[in-house]
Amino acid sequence: MKVFFLYDEDEPDRRAAGSALAAWAEKKGHELESACASGPMLKPCLGCFGCWLKTPGRCVIPGDRGAALAEAFVRPDLVVLGGATPYGCFALPIKAAIERSLPIQLPFFWRFRGQVHHVPRYERLPRIVSAGFGEASEAEDAIHLELVRAMCDCRAVPRQKRSFRFRGDGEALASWLEEAAAS
Amino acid sequence: MRILLVNGSPRRAAANSRIVLDSLKSRLGEGHEYRMVEAMSRDAEAGDLECDFIVLAFPLYIDCLHSRLLSWLLSYEALLARARASGGARRRIGLIAVANNGFHEGVQNETALRIVANFCARAGIEWRGGLGVGTGEMLKELKGAPSRMLIKRPVSLALDAIASRVGEEPSPSGNLYVQHAFPWLLFKLVAHAGWRRQARANGLGPRELRARPFASR
C-alpha cells in the first residue's frame with residue numbers, strides 16, 4: 001500500500017509521528033512518502049473553477065507545489081493528514097493544500113450517502129484520515145471528525161471511524177492506522 | 001451599533017457572500033456604523049476590534065472555511081486576546097454567520113458553522129447562530145428578484161430571521177438551514193447544462209471535461 005503523510009509544521013511531535021509512521025510502514029511493507037505542507041509558499045485557491053472549465057483536472061495557478069499536491073491526493077492508497085485543528089478545522093497549510101486538490105473532483109453533482117456532492121474525477125481515490133496535534137476541546141475534536149468524514153463522502157471513500165490525537169504514542173498511532181487501512 | 005461585515009469569499013465583490021452581506025445590511029438599516037472587511041486580502045487589524053457585532057458571510061470551501069478566512073479568524077482571536085490582556089475595554093461582541101454552498105442542501109454548511117461557533121468560544125465572542133444556504137449560485141441569479149418570489153422566499157425569510165439576531169439583547173444561537181424552492185433534479189439539470197456550456201465556450205468537449213491527468217499509466 002502507498003501511504004502519503006502530509007503534516008502542517010516541522011515540529012518535534014510531527015517528526016516523532018513521522019518516525020512512528022515510517023516504522024509502521026516498514027513493518028507492514030507499505031511505501032511511505034511524507035511532506036510538510038508549510039514548506040515553500042502555496043498560493044491560495046482562487047475559486048476560479050479553472051481546474052474544471054479551462055484545464056480540467058489541473059489547477060491553473062502556476063509556479064508553486066499546488067499541482068504536485070493535487071496529484072498526491074490521487075495516487076496513494078491512503079492519505080494521512082497531521083496537524084493542529086484550530087476550531088476543529090484543519091491547520092492552515094493543510095487546508096490550503098486540500099483546497100488546491102479541488103481538481104480531483106468534477107463539477108457535476110451526484111447523490112452519495114444521502115447528500116449531494118461533486119462527482120470524483122477518478123474511479124478510485126485514496127482513503128483519507130486526519131490525526132490531530134496539540135490541544136483541542138472535545139467540541140473541536142468532534143467537529144474535526146465530522147469534517148474529515150464529510151471529505152471522505154466527497155471522495156466516495158470509507159469514512160474515518162474515530163478521532164485521533166497524537167500524544168507521543170507511536171503504537172497508538174500505528175493501531176489507529178491499522179483500523180483505517182482495514183476499512 | 002458598530003457592525004463589522006466580513007466577506008470570506010475569494011471572489012470578493014463578485015461573490016454570493018457579498019450579496020448576502022448587502023442583503024443583511026439592507027435589513028439592518030442605515031442606523032448603524034458599518035465597516036467592510038475582505039478577509040481574502042488581509043489578516044485582522046486593530047480597527048476590526050472596534051465593533052459591537054460581526055456579520056460573517058462565506059462560501060463552503062471543501063466542506064468548511066477557505067484557508068484565508070481561517071487565517072483571518074485566527075488573527076482576530078489573537079488580536080482580541082492581546083487587546084483584552086493589555087486592559088482594553090472588555091466589550092461584548094456578538095457574531096452571526098451565513099455560509100452558502102453550491103450543493104442543493106443548506107444543511108451541508110453545518111460543520112462550517114460549528115467551526116465558527118468554536119472560534120467564538122475560543123475568542124470570547126457571543127455566538128448568535130448561523131444560517132446555511134444551499135443552492136448558493138441562485139443567490140446571484142435571483143439577486144434582483146422580489147424577496148417574496150416563490151423560489152426565493154425560503155431564503156428571504158431565513159435572512160430576515162438571522163438578521164433579527166443582530167442586536168445587544170441575547171437571541172437564539174441555533175442554526176438555520178435553507179435552500180431555494182427549486183427541485184433537486186431540476187437544479188442538477190440546470191447546473192450540469194451550465195458547466196457544459198462554460199466548458200464549450202473554452203473549447204472543451206465532454207471527453208476533455210472529464211480528463212484524468214493523474215490516472216495510473
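Predicted model: local features only at pLDDT ≥ 70, side-chain atom pairs only at ≥ 80, totals over all residues.
How many nonpolar, polar and charged residues are in the lining of the second largest pocket?

Residues are numbered from 1 along each chain as written, chains are lettered from A and ligands numbered from 1 in the order written, and side-chain values use heavy atoms, without hydrogens or water.

**View 1. The largest pocket has a volume of about 1000 Å³.** A pocket is an open set of points on a 1 Å grid over the protein atoms alone, where a 1.4 Å probe fits, with protein on both sides within 12 Å along at least five of seven lines. Lining residues have an atom within 4 Å of a point. Points are joined across faces, edges and corners, and the volume is the space filled by probe spheres set on them. Here 38 residues form the lining; A:Phe49, B:Arg11, B:Gly102, B:Glu137 and B:Trp195 lie nearest the centre. Helix H6 (184-201) of chain B is among the elements that supply at least two lining residues. H6(B) gives the most, with seven. Helices (H or I, at least four residues) and strands (E, at least two) are DSSP runs, numbered from the N terminus.

**View 2. The second largest pocket has a volume of about 360 Å³.** Of its 17 lining residues, A:Lys2, A:Val74, A:Arg75, A:Pro76 and B:Ser216 are closest to the centre. Strand S1 (2-7) and strand S2 (31-36) of chain A each supply at least two. The lining has nine nonpolar, one polar and seven charged residues. Ala, Val, Leu, Ile, Met, Phe, Trp, Tyr, Cys and Pro count as nonpolar; Asp, Glu, Lys and Arg count as charged; the others, Gly among them, count as polar.

View 3. Just after H1(B), B:Gly29 takes a positive phi of about 90 degrees.

**View 4. A:Phe112 is found in strand S4 of chain A.** Beyond its neighbours within four places in sequence, A:Phe112 is in contact (heavy atoms within 4.5 Å) with A:His117, A:Asp153 and A:Ala156. The C-alpha atoms of A:Phe112 and A:Ile61 are separated by 30 Å.
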